[in-house]
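Dear colleague,

I am handing over the structure below, and I would be grateful if you could look through it alongside the notes that follow. Please bear in mind throughout that the model is a predicted one.

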Amino acid sequence: MSADTLLRNATAITMDPDLGVIARADLLIRNGSIVEVGPAGTVGTVDVDEILDLDGRVILPGFVDTHLHLWNSMFRGIITGYGGRAYFPVKRRLAAHVRPEDTAASTALGLAECIGAGITSVVNWHHNLRSPDDADATIDAQVASGARTRLAYGNPDAWNASRPMDLIDVARLLRAPSRPRFDVGLAVRGPTRAEEHVVLEEWTFAQESGLPLTLHMGGRRADVDRYADIAQMDRRGLLIPQLQVVHAVDATPSELVLLGERGVSLSVSPVTEITSMGVPPVTQAMAAGMTVSLSNDSLALPGRADMFAQMQALVRLTQFADPGRAVSPQRALQLATIEGARDLGWESEVGSLSPGKRADMMILDARLPGMGPGVDPVHTVVMAGGVEHVQHVLVDGEWLKRDGRLVADTERVVEEARGAISAVMERAGWPLDDLEGLIGGVGMDE
Ligand SMILES: [Zn+2]
């Protein structure tokens, strides 16, 4: 159980339209919920277990990552981005050798990194879900992390286009007792990678079960086996409000308008997109009325769980690509928090520091180099903030990071992920001179 806590004298960036930014704020957490937020001195102190003075700190809602492939977090360092060590060849080569315990270790690794970086809500986009045991191990790791998570249930990598994902197993999960801060969605392949009867079966299942769907949409239009034909999908009735598309870097203006009209949302991963796909049409998607959220995609590409980097990339790339409608730092922070929550259907629970919502938040130390003096808090946090500033992280009022350290045993988490990737590579017959020397990348170029 989380204790009742009063946080005092911090700058609160609430992301609540009625509360805005409060220069010196008090915030009361009770039973894991935010019960009061207001100017310092105005919030009651009766029966509080702990009062924490946060002078010089900034409180904001935890970030929401709407698309992250946690199963391959452990691949980081192997993938260079080019040649035989580009993302897709490495993924294809290793995916079949990943066992449930490896996925669990990789998931725990990625989520520990997310929590440390202030990311409190995560969609685990599982496109190498190999068995019911894999699903169970993944869910256990997600729940154990303490983060608020969704399993976007997918299929094994390179799965047969004529076979749906294991919907019987999804139905089993939906009947199972609920787990804290956890729900299920479907990560679908869509018409370019699955046959029509498979697409219809998966979409129908999602609609009948009320599950959200998420779909990769390119890649580039030239990647015909990956690019979703939006107009054709609409003719088949597949553009439904519970659908989220990911990337859409080559979507045309008319496709974006169609997606917006149908209530489809968009998850963009600016850092990986500008590295390997193209410039995401964020401003056009917003103009088309789409809900747009942010995601880190994969820690293997290579990258790290870092929503500050995603926001900074988004602001800068739109300043370059569409200066008249560039995304402001304030808007970028909305995408990383409340819009992400809205995309997932979680906006009544999280995404802003609003009374009644769950106490998912981070506290940044604005006294550190890189943030001070921070005259405009929002601009400073978005454009100069970094993971190194994340001092505390709470989910449901529970401290998952405190005084700069994760509550979880991070040494064990990293060690288990290291054991997992070593085992996977050994099973894959990868030519390694020294499994202990993974970080050195010994002899792995093909
Ligand atoms: Zn992805």
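Eight strands make up an open sheet, in which the order is β6-β7-β8-β9-β10-β11-β12-β13 and the pairing is parallel. The edges are taken by β6 (63–68) and β13 (292–294), each of which has a single partner strand, so that one side of each is left without a neighbour in the sheet. From one strand to the next, the twist averages 25°. As a detail within this sheet, strand β11 (residues 243–247) and strand β12 (residues 265–268) run parallel and are joined by 3 bridges; V246 has S267 of β12 as its bridge partner.

Turning to the domains, the assignment for the protein gives a domain 1 that is made of two segments, 5–61 + 354–405, and a domain 2 that covers 63–344. Taken over C-alpha atoms, the centres of domain 1 and domain 2 are separated by 29 Å. Where the two meet, 18 residues of domain 1 are in contact with 22 residues of domain 2. On the side of domain 1 that touches domain 2, the elements giving two or more residues are α13 (377–384), β15 (390–395) and β16 (398–402), and the largest share, 4 residues, comes from α13. Sorted by class, that side of domain 1 has 11 nonpolar, 3 polar and 4 charged residues.

The remaining point concerns a pair of helices. Helix α2 (residues 100–116) packs with helix α14 (residues 410–427) at an angle of about 140°, and their axes are 8 Å apart. An angle over 145 degrees would count as roughly antiparallel, and the value here therefore makes α2 oblique to α14. The crossing in which α2 passes α14 is left-handed. On the α2 side, the contact is made by E101, D102, A105, S106, A108, L109 and A112, while α14 contributes T410, V413, V414, E416, A417, G419, A420, A423 and V424. By class, this contact of α2 with α14 has 10 nonpolar, 3 polar and 3 charged residues.

With best wishes

Conventions. Residues numbered from 1 in each chain as written. Predicted model: local features only at pLDDT ≥ 70, side-chain atom pairs only at ≥ 80, totals over all residues. Axes fitted to C-alpha atoms, helices over the stretch in contact; angles between N-to-C directions. Parallel < 35°, antiparallel > 145°, perpendicular 65-115°, else oblique. Left-handed = near helix turned anticlockwise from the far one by under 90°. Contact = placed C-beta atoms within 7 Å. Nonpolar A, V, L, I, M, F, W, Y, C, P; charged D, E, K, R; others polar. Domains from an automatic or database assignment. Pairing = 2+ DSSP bridges.
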